[in-house]
Amino acid sequence: MTNRPLTEHLDRSNPQDIKAYQSSGGYQGFKNALAMEPQAVQQQVSDSKLKGRGGAGFMTGMKWSFVPMGDKALNQDGTPQQKYLVCNADEMEPGTFKDRLLMEGAPHLLIEGMMIAAYAIGASVAYIFLRGEYRLCATRLQQAIDEATKSGLLGKNINGSDYSLSLHLHLSAGRYICGEETALINALEGRRANPRAKPPFPQVMGLFGRPTIVNNCETLCNLPSILNHGAQWYSELANSPDAGTKIYGVSGRVKNAGLWELPMGATAQQILDLANGMQDGLKLKGWLPGGASTDFLLPEHLDIPMEYDAIAKAGSRLGTGGIIALDDHHCPVGMILNLLQFFAQESCGWCTPCRDGLPWAVEILSRIEAGKGSQDDIDQLLKMCGFMWIGKTFCALAPGAVEPLRSGLTYFADEFQQHIDHKGCPYGH
Amino acid sequence: MANIIIDNQQYEVADGQNLLQACLSLKKDLPYFCWHPAMGSVGACRQCAMTQYHDENDTRGRLIVACMTPVTDGMRVSMEQPQETEFREQVIDALMTHHPHDCPVCAEGGECHLQDMTVMTGHYKRGFKGKKTTFQNQQLGPLIKHEMNRCITCYRCERFYKDYAGGTDLAAQSSRNKVYFGRQCDGTLESEFAGNLVEVCPTGVFTDKPFGDHYSRKWDMQAAPSVCQHCSTGCNVTLSERYGSVRRVTNRFNDHLNGYFLCDRGRFGFDFVNSEQRQQHISLGGQSVNWSDAEVQQRLKAKGTWVGIGSSQASLEDNFALQLLVGAENFCVADDPQSEHLLELHMAILQQWPQASLAQMEQADAIVIIGEDINNSAPRIGLAIRQALLNNAKQQVKNVGVPEWQDSAVRQVLPHNKVPLAVVGYQQGALAEQATIRLVADDKQTAEQAFLLANLLCEKSPKPRVSKVHSQIEEIAEVLKTAKRPLIVGGWSANNSAVLSAVANICKALANPQGMLCIAPPAANTVGLGLLMQAGYLANEAVESKLKSEECNLLVLDHTSDSRQQWLQTLSKQTNNVVCLQQLAQGENNSLSLPISSFSECSGSQLNYQGLIQSYSPASKPAGQCRPAWQWLVDLGKLQNIAELASVEHLGQLHLMMSKLFPTLAEHFTELSGRQFAMQSPRYSGRTAMLANQTVHEPKPFSEAGAPYKQSMEGLLPGQNDQHPLAYSWSPGWNSNQSNHKFRDEFRGPELKSQQGIFAVPNHPECFWFKWQASWSANTKANYKILAVEEVFGSDSLAEFAGAIQQLSKSAYVVVLPKVASSLNIEAGQWVTLDDHPTLFAVKISDHVPAKSILLYSPAHEAAISDGCDEIKVASKQKISALHKRQQAQQDVQSQQKQLHKQRLLDQDQHIPIQFIEGAM
């Protein structure tokens, strides 16, 4: 049995076709699931303690449990309610490219995962909401979908059972906010990609007003092995409160940026070592543990296990597990400005703090970086961090965007001060 | 009820509402933008932030937005703590980063919700140091001006225009802080409710264009509570006046009728009162004369019978005075026998069945529209029906524990939870497109199928000649059987009494006490004429013979329709003495015409489609020799020694006389006695200065004897007395129409309060079946049956005198079936002629045209066309070029007139005619 359930089938240059995938144990998890009651599949996933890999780390089994099942999922006329499964493959978090690896390297793994999830919640239609720029993923996924449909794994009465599933690939028109599950649903319906108010939660009223589960691509890719090898096997893969493995990544000026599948709870130091450390002459100054919308951590935090609670305790979030390393030759103010520019541009424009607060923060940061900042600006930035914090905005985009800013203001206060005192960027930017 | 604690004080509030509604209903000043009482909550602007606490020991709490938080028993919140007040101020600071701060030149200034909220949050210093974004504005047509830079991105415009009113050509575009609300490209806004954007927008992005051409600040205008004149709904409006001209119409809240919204015909049609065609002097054969002139006196005192023709455009009082003057036996209520018959029938149905208010219609769970083009005949009712379509979706979200005011949730489930809407008939338009069941039929088939529907619901209901029931009708019957609150809509559009009878039969057959009925008559006071009819009338068909057989004089109350003008021409051949009471000079003939006040210049009452009596007050004074029609008639009565009118000096006396005849009216006419309300705000400026270039004397405020208002700053202010109508909506800190909540609860609650007011037509509980009449079965012999359709802009002859409406009016068109078009080899957009009729019609092609019929629209001021036509021919090139020339000439005249009109009004601002200042002649 493998200890790399996500990457065991992976081949980026020449991904397995359906036969190769099946002969190496593929679709066994789905077959096992199909032999079980949907609720039993849900239970097995709950038991595995799988957490969502999109960034929030919500228990996958628990998320599914809110979907009305059986008698509770009937229309007014007594017919069973249409339900949907959506794979969130709109991977746009800066510094994050794990889903791309999975979809390019093992498209059938995702499809099998989706089939298991769809079966578990009783969905007969599923969508892959794919980032529009992921052209190769689109080609390979569509190929895989066609193969699966042809061999009877997708479509009506799969493997002679009562269960039917049609799977569609949808290419996003391209907004970061589509990673927010309700904005994704709106976009999929053809509406503006604004997030929806919760409640109602998508599990009850989602796509086209029907019960819907939106799961991250990596989350879904974990399912085949859970169903194949069991919940206990899966949770024991990691020596950590969090179960299973995770695809960790590093970007930034390291020697060998990339992705590695490691058991949950590997330390950032281990990951950095796999990347062969920083490029010559550079030292690590700080790092974002899981994409652009997480708080900075310092080199002193490198030995903390990369798991949800431990990273939270250190003041950040595990997020997507895609580390962005900041080196000592790079201006932290410039980096924060760059990140905030991204978020300001990607705000959907729905709620005031995000729509008008982020460009405001960008305006201030630009001035500071250009050496035209003042002490007031720092105060104003701190205020803006509060203004865009959780509870004040409609969705999590702005609070996420604020994370590198507020931690940056703390950890790199000296650098900010230098920009103001010396009326310019000390790094010569 | 729920007990909630706000800032450590306990309040009892109604269950089911959100915290913002609760706070506003408690008259607390909590700022907000994106929420709207009629459109629910979406939580976008974050302006109404409060803090919610777990319990009394929780000191930190958690920030919430009040509009998205349902009130729950025992909830503990704060509104005045620094955490939320600072955040609210920051929100203003943020959403104003790109606002141009151009209040002094902004038409919204002084009644701007953004100004009010800014002051309310205490924000005074701009924090943002960057550059402002500049947007390109769009030309949105003659009604609405667009100034995107002022936008604070509250999404209200889009939500009203698209979601609430069903418009398709205005939407949010782009994203982040570049969100743009407009059309894809320049062009006139298509929705007939676009004018509401002016009031829905919390700042000056969408402003009233005609008003902007002749502008005044809200506080400087004298405002009068009034009632719309442009259909039978009776929407409540506020008229605003300065320097003797009426400047604009705004919505006056009425829970059961218009709510917060008006249609554009009502909002912009009022301008006929300022029209250049207004008659201001007594004229005889087109020449100005005086009352005391011998010829005039001779005409007025002429011997012989006086025959009076009433008007559905005139007030109840005017018609009543005419009826008194000529005697009921000489009082004619309709321009043609068919309308008279419809009116008789309408009154018979109204006596049997109370008519639903708009708010009640919004609660319907099944709607059947029979032969009525409600979108065009009474647009505001169409808008109300549109809201009813959401009811199943609202129930659906409630089932999963989400409150129905959470608008986006409701709209998510709307597509597969539509309330059944059946449309039977040939009418086109937005509601027909929404129909879940649609049967295209001409007026006769519509009536037949509706009779059959009644019969399906109850066997006792009489059958028509035919017996073939369309499957759609069977479907409708099933829907109606299970519906809890079905709504049946009919009206005069089809000009067919069988349709009205059928609608009444369906109601009787339904026998559902929760069932609702709405029959839309054509004009603002049609039902008023129907009421007076009860005291007796002269049949339309008898008028001409009466004029022929004896020496008669004709006394005519103003009506602007083309059919009226044509009929008068016929009648004037039979008598030498025609006296017209006119507000708009129309036609040249040998008649004596007396200039009368418009609804904006005198008090009056009218009955809406429900028979609800509503009164309006004058916003300005009558100009020139204009007087209210009833006053001319009373004077005429005195000249002719009519005993009933001898002692009448003011409107109150007429009211008393009317109350004796129709006792139900008494309560309405007495309820407004007591202290008068002020029409000018305490901030009205220039009171002593505006006339100083002409006279040093300050004229006495104009007022009619016994009237409940004062055209001055003295008197009751808004809200001081519930009995009085709100002249204008204003409250300290709330200068915009959003101040409305200070005078009422912002939450309607699950149970609709019953409609206030007096229904003038007494209800007789006994009701009978209407039988199918053989004459209804006749078919036309022509090749094509002509079915007349209406347009919001173009079919109301009165509104056609308003410049802005004129610009929007469509030219004549016909709608034909695709197979007819192909057999005649005509294409959409081509010009055709019908038989020998001189008018050119543009061709439209649609599948929803009954067989052997064509739909025809011709504007109000173009000659009507008969029931059938034999030949549709492509118009010759000469005719088309002549038409284009005519249209061009017309446009030139219109734009010239517009300039002159504007200049005259601006001149009037400088120099008000003295007699006009003093009011009376």
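A polar contact, as the term is used in these legends, is a pair of N or O atoms within 3.5 Å, and within protein one of them must be able to donate a hydrogen and the other to accept it. All views show a predicted model.

**View 1. The side chain of A:Arg355 reaches backbone oxygens of chain B.** A:Arg355 is placed in helix H14 of chain A, which spans residues 352-369. Its side chain reaches the backbone oxygen of B:Thr153 at 3.3 Å. A polar atom of that side chain also lies 3.3 Å from the backbone oxygen of B:Ile152. A:Arg355 counts as buried because its relative accessibility is 1%, and buried means under 20%. Leaving aside residues up to four places away in sequence, A:Arg355 touches residues of both chains, among them A:Ser347, A:Trp350, B:Leu95, B:Tyr155 and B:Asn177.

**View 2. Chain A and chain B meet at an interface.** Here 38 residues of chain A are in contact with 40 residues of chain B. The two chains bury about 3200 Å² between them, with 57% of it on carbon and sulfur atoms. On the side of chain A, the residues that lose the most area to chain B are A:Arg192, A:Trp350 and A:Trp360, together 20% of what that side buries.

**View 3. A salt bridge and polar contacts link chain A and chain B.** The count between the chains is one salt bridge, formed by B:Lys129 and A:Asp377, whose closest N and O atoms are 3.4 Å apart. There are 17 residue pairs in polar contact between the chains. Helices H13 (332-346), H14 and H15 (375-387) of chain A each supply at least two residues of the side that touches chain B. H14(A) provides the largest share of that side, eight residues.

**View 4. Helix H4 of chain B is mostly covered.** Of the nine residues of this helix (156-164), seven are buried; they include B:Arg156, B:Glu158, B:Phe160 and B:Tyr164. The buried residues pack against several elements of chain B, including strand E7 (171-173), helix H5 (196-200) and helix H13 (379-388). Just after H4(B), B:Gly166 takes a positive phi of about 75°.

**View 5. Seven strands of chain B form an open sheet.** The strand order is E14-E13-E24-E23-E22-E15-E16, with mixed pairing. Strands E14 (287-288) and E16 (331-332) are the edge strands, each pairing on one side only. E15(B), residues 305-309, pairs with E16(B) in the parallel sense over two bridges, and B:Ile309 stands opposite B:Cys332. Helix H21 (540-549) of chain B lies across E15, E16 and E22, running at about 150° to E15(B).

Technical notes
Residues numbered from 1 in each chain as written. Chains lettered and ligands numbered in written order. Predicted model: local features only at pLDDT ≥ 70, side-chain atom pairs only at ≥ 80, totals over all residues. Heavy atoms only, no water. Helix = DSSP H or I, 4+ residues; strand = E, 2+ residues; numbered from the N terminus. Buried < 20%, exposed > 50% of the residue type's maximum accessible area, 1.4 Å probe, protein only. Contact = heavy atoms within 4.5 Å. Pairing = 2+ DSSP bridges. Axes fitted to C-alpha atoms, helices over the stretch in contact; angles between N-to-C directions. Buried area = accessible area lost by both parts, 1.4 Å probe. Salt bridge = Lys/Arg side-chain N within 4 Å of Asp/Glu carboxyl O.
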